[in-house]
Amino acid sequence: MFLMVEWTSRMGQGVMFDLRTRIFGNLQRADVALYDRTPVGRLMTRLTTDVDALNELFTSGFVSLLGDLAVLGGIVAILYALDPTLATISLGVLIPMALVTNWFRKGARDTYRRVRVRIARVNSFLQEHLSGIAVVQLFRREEAAQGAFRTVNDDHRVANLDSIFYYSVFYPALDFLSAVGMAAILWWGGGEVIKGTMTIGAVVTFLQYSKRFYRPLMDLSEKYNILQAAMASSERIFQLLDEAPSIAAPPFPAPVPRPLRGEIEFDGVRFAYKPDEEVLKGVSFRAEPGETIALVGATGSGKSTIVSLLLRFYDVTKGEVRVDGTDVRRFDPSTFRDGFGIVLQDTFLFTGTIAENVAFFDPSMPRETVERACHDVGLGPLLKRLPDGLDTKLTERGGGLSVGEKQLVSFARALARDPRILILDEATSSVDPETEAVIEKAVDRLLSGRTSVVVAHRLSTIVRADRILVLAHGEVRESGTHAELLAKGGLYARLYALQLKDREAAA
Amino acid sequence: MPRLVRHILESLEKEPSPRLIAISCAAILGLAAGDSILFFFTRRILIGASRDVEFEMREDLFAHLLRLPPRWHRKSRVGDVMSRAVNDLSAVRMMIGPGIMQAANTIVVGTIAVTLMALASPTLTLVALAILPFVAVATQVMGKVTHRRFTAIQEFFSEISASAQENISGVRLVRAFAREATEERRFDAKNREFRRRNLGLARLNALYFPMLQALVGVGFAGVLWVGGRKILAGELTVPRYVEFNLYLMELVWPAIALGWVVNLWQRGSASWNRMAELWAAEPLAVESAEGPLPGGPLEVKDLTFAYDSGPPVLRNISLTVEPGTTVALVGRTGSGKSTLLNLLLRLEEPPFGTIRLGGRDLRDTPLPLLRRALVAVPQETFLFSDTLGNNIAIGRPGATPAQVERAALEAGLGPDLATFPKGLETIVGERGITLSGGQKQRTALARALLTDAPYLVLDDAFSSVDTETEERILEAVKARSGTRTVFLVSHRLSTIQHADVVVVLEKGRVAGDGNARGASPGRRPLRGAGRATAPLRRSRGGVAVADHLPEDEAQGRGFDRGILRRLLSLAVPYRGYAGGALVVLFLESVAQLAGPLLTGAAIDLVFSSKESPRKGAPPSWGGSSSGSGSSLAAPALSTPSPASTSSRSSRRSGSCS
Ligand SMILES: Nc1ncnc2c1ncn2[C@@H]1O[C@H](COP(=O)(O)OP(=O)(O)OP(=O)(O)O)[C@@H](O)[C@H]1O
Ligand SMILES: Nc1ncnc2c1ncn2[C@@H]1O[C@H](COP(=O)(O)OP(=O)(O)OP(=O)(O)O)[C@@H](O)[C@H]1O
Ligand SMILES: [Mg+2]
């Protein structure tokens, strides 16, 4: 007995462990686009609540289901051996039972599914509003948020109440039917005893068996239920697991050159996030190893999109992105990205210390490397001020630092890996110009001979780039060095003139 | 019902009458029907009530969270709060619904059975109940340990979900740095620990329930022994003994269920404690939003502020801002600009007496009024997964579509809207993920511009916007807000030159202030205006329902062989355990099956040996009156197996999902 419970729970926990590992692993490989359209709360529901729903199936479901079946089979055999007529009578209630079960199955299935969908919705809602609580409070949205939550929450409750209805009809109905079966045995069996064709003992035996017969039967329907609930949630888990990433390593990935030379080429790249909304309309450019390429242009013109494509977060619709002469689609994405150092436009830090963030939880990175990187980006004064220095703990999303400081930490994180290709997407947008100048010097020194792609709105950052690409509406409008573009007197010259006022004002 | 059955059987021996049988059968059916109906209602009402309670609790909890001060939220982890609001809540619900229902059931059945037992034979009752102290002790210990282990599990669950959630939120970063493998390793370690803790709790149950059964077995044996001797001594009749045994069997189930209830109860109370920690946080006082908006000059006097117990971030700040001025705050990263603004917005609480608005201490100003007067574009943009229009309209629920559109245009979103086929009806991903950085920021800007608050706080609100667009927006803002007081933080001189006053912060102190140089350039009309957008649909008044994002509703049949097969295949690595469990189960089933055969044979034996049975000797269909073999088997036969126990208990208690 002890062994049985122990074993089944080992099995149950084992299955759940495996599933969590697989879901998590899958999430590490799923397309970035999946995250564009799926709320975090929903993915979390898959990983937690939905997996938990399988617990019962494996701990008390499958095994005892087989046990129940064996018992049932045994009983049926014995009953028929004893008295076929009475056996048939007592098995007669199976037919209405099957009908009830079928009705229940259909109803319960839909309600189960609804419950799963709605609990995910409740979770997403909570998740989102807790993340954005500052905005909710600043804009006095508490009442409205509460109202909206009531709707979501109530939907969930209603779905649950529906399923309770099916339950509360189902089980009593089965109970009743088993009483019917018992009464039938007594009635018929009693008659037989009166006629003298049957002994009382036989009737008693029958009664006992039928009692024992109905119990596994009801257990069976209970198991069926558990199965049904498990299927409703595993349906969604499998859906997630089946989401084959379209951005994956090809069967025979091209070897990633080590180290990367750093040659980047966009060749007639077209791209759309949603069909018919083309964001890049034929972008071509080339960066030789060691060059610095700058991307400028109005907001929404597609600069970050170019970065995303270079990292192969998405696949181009047309054209080709090549690194070191090879189409990026021929590489294994993870191995390929390893050679990059990136500062993304949206700063993101993890819960953990500053040092852990800079090293990205890589214990093998030497402490000196982390320290150096922090000093290079001008975090020195801050670290000196903080009592715990590099070991200062940050809360979620880097809480505990100013926005500019967070950006510096994420900059340090990119530099610490000594990348062959550096990508800076608005890496210093929240940093003051003085600190920026410090970083620039460090970057110049560190990255001599490495390729970099820089996106910036502040043109001071990019005047020294080897080539500046001016983007507008998904096309490269101008391209050349700072001097060339100024001489041209186009878009760039106008942007620069605007910012020149800065310099005059500063002077 | 046992009695009815007994009567029928009795009558069969005495005066066989079909009529009596029919009546009894009808009575059985009637009783069963009544029982079923009662059962239906108790389930519906009790379990339904637990769902209602769950609903209420979740709603109250959310309302409470909404009103917790920003500092509290700053320190908490979303994943942790979520797991309390979802997972712990459901454990509490199990305690309230199924837990109470089962407890009531146990008490009622137990009391009745004990009473009837006592009527049948007081001595034997005492013997049977002698195991109670042991059961109580075992249950007590089990309860304590369950409480402890379950708390540990829930704590770890928080940890695992918070870190998984961060991983999901930071997916682009993980990919960009090719850290997938490390992240999987980190998760794996947590996952292992989680499994270990869960198994610890499961093992407790694996020990407890069989022990309970063993105790019950001892009880039965004791009854048999004492009862047998009494029968031999002529102090007890066989029928009484049989009847007694029958009731004793009725008690087995409540005893087992009791363990289950205690289990639920301990889990629930462990979770309840975790939820109570949320409740313990002091919410903001509820204040009226009615009354005149605060206005007039803003004075900061000798303000020193530190986060928690850290070193001061702001030191002796003093400044006065007259209404209608535009103040620029500049300074190096980390110099305290955002902190100062957050204090003005009371996202952090300023010390009393340091900030006055219109002559009134900021801390005495009702928060809702303050929030109406001051509107902010925070340094970090947050958008909801809702339409662009709804995201903008957040600050002013009654805004007309035209007003929303105007705000969008003022914030320079015109050209972007022109490229979105659905215009303001475009749905943005969570946190605005499907927008470019500048588009997000300008949406937040439009949100602020839509309100007519007299104070506007722009914390680096143009950092992701190109200079040209920024220039245009600032022109528009100034054109419309002649009397607005504006606080600007920026690292760009082009922005700062729009200010009347520039305050330079250096390491938390005011370094010097004066008028910004450079006159503002001539006002140009807003470009990009006048584009027709799709009419705004005001959806449900509520914000941000995540189902705006496409729902992954499942299709297909409920009973899907494919799914079933995959589910089974998950268990393949553990087939050893499954096989072992099956063997145990099989042995038990065989024992179960053999029982009634023996009993039936024994009864027939009794009746055939004593041709005319003693009057009133009711044949038993549960216990046995002779043959120690079947009597000894009785406890083992009648105690439900643990698997059926748990399933039966969950059945009684309703949907556990
Ligand atoms: N994940 C996405 N899904 C759908 N559309 C997107 C997504 N990301 C960006 N877009 C759209 O693609 C266009 C280009 O965006 P992108 O982020 O490349 O602009 P950007 O030049 O980097 O702008 P900014 O300077 O504001 O950062 C925008 O119109 C944006 O709305
Ligand atoms: N929640 C917090 N807990 C502890 N310290 C904090 C917290 N938030 C900010 N700080 C510290 O307070 C100092 C001032 O931060 P603040 O955000 O006001 O800077 P800032 O001037 O706005 O900088 P930036 O230009 O980077 O936005 C920083 O050194 C920062 O590390
Ligand atoms: Mg700031």
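This is a predicted model: local features need pLDDT of at least 70, side-chain atom pairs count only at pLDDT 80 or more; totals for chains, interfaces and linings use all residues.
Residues are numbered from 1 along each chain as its sequence is written, while chains are lettered from A and ligands numbered from 1 in the order in which they are written. Local features need pLDDT of at least 70, and side-chain atom pairs count only at pLDDT 80 or more, whereas totals for chains, interfaces and linings use all residues; side-chain values use heavy atoms, with hydrogens and water left out.

The interface between the chains was examined first. In chain B, 200 residues are in contact with 200 residues of chain A, contact being defined as heavy atoms within 4.5 Å. The size of an interface is often given as the accessible area lost when the parts come together. For chain B and chain A, the buried area (the accessible area, with a 1.4 Å probe, that two parts lose on being put together, summed over both) is about 18800 Å², and carbon and sulfur atoms account for 65% of it. Between chain B and chain A there are 10 salt bridges, each a side-chain nitrogen of Lys or Arg within 4 Å of a carboxyl oxygen of Asp or Glu. Arg150(A) and Glu59(B) form a salt bridge through their side chains, with an N to O distance of 2.7 Å. Polar contacts (pairs of N or O atoms within 3.5 Å; within protein, one must be able to donate a hydrogen and the other to accept it, and residues adjacent in sequence count only if both atoms are side-chain atoms) link 36 residue pairs between chain B and chain A, both residues being at pLDDT 80 or more. Helix α2 (residues 18-66) of chain B provides 25 residues, the largest share of the side of chain B that touches chain A; helices are DSSP runs (H or I, at least four residues), numbered from the N terminus. By class, the side of chain B that touches chain A comprises 95 nonpolar, 55 polar and 50 charged residues. Here Ala, Val, Leu, Ile, Met, Phe, Trp, Tyr, Cys and Pro count as nonpolar, Asp, Glu, Lys and Arg as charged, and the others, Gly among them, as polar.

Both ligand sites were then considered. Ligand 1 is surrounded by 22 residues, the closest being Ser304(A), Thr305(A), Ser436(B), Gly438(B) and Gln439(B); a residue is near a molecule if one of its heavy atoms lies within 4 Å of it. Because residues from chains A and B surround ligand 1, the site is shared between chains. An oxygen atom of ligand 1 lies 2.4 Å from an N or O atom in the side chain of Thr305(A), and a polar backbone atom of Gly302(A) is 2.8 Å from an oxygen atom of ligand 1. The site of ligand 2 is likewise shared between chains, because residues from chains A and B surround ligand 2.

Within chain B, the domain assignment gives domain 1 (2-280 + 586-656) and domain 2 (298-548), with bounds from an automatic or database domain assignment. The contact between them takes 5 residues from domain 1 and 6 residues from domain 2 of chain B. These domains bury about 470 Å² between them, of which 43% is given by carbon and sulfur atoms.

Terms used:
Helices (H or I, at least four residues) and strands (E, at least two) are DSSP runs, numbered from the N terminus.
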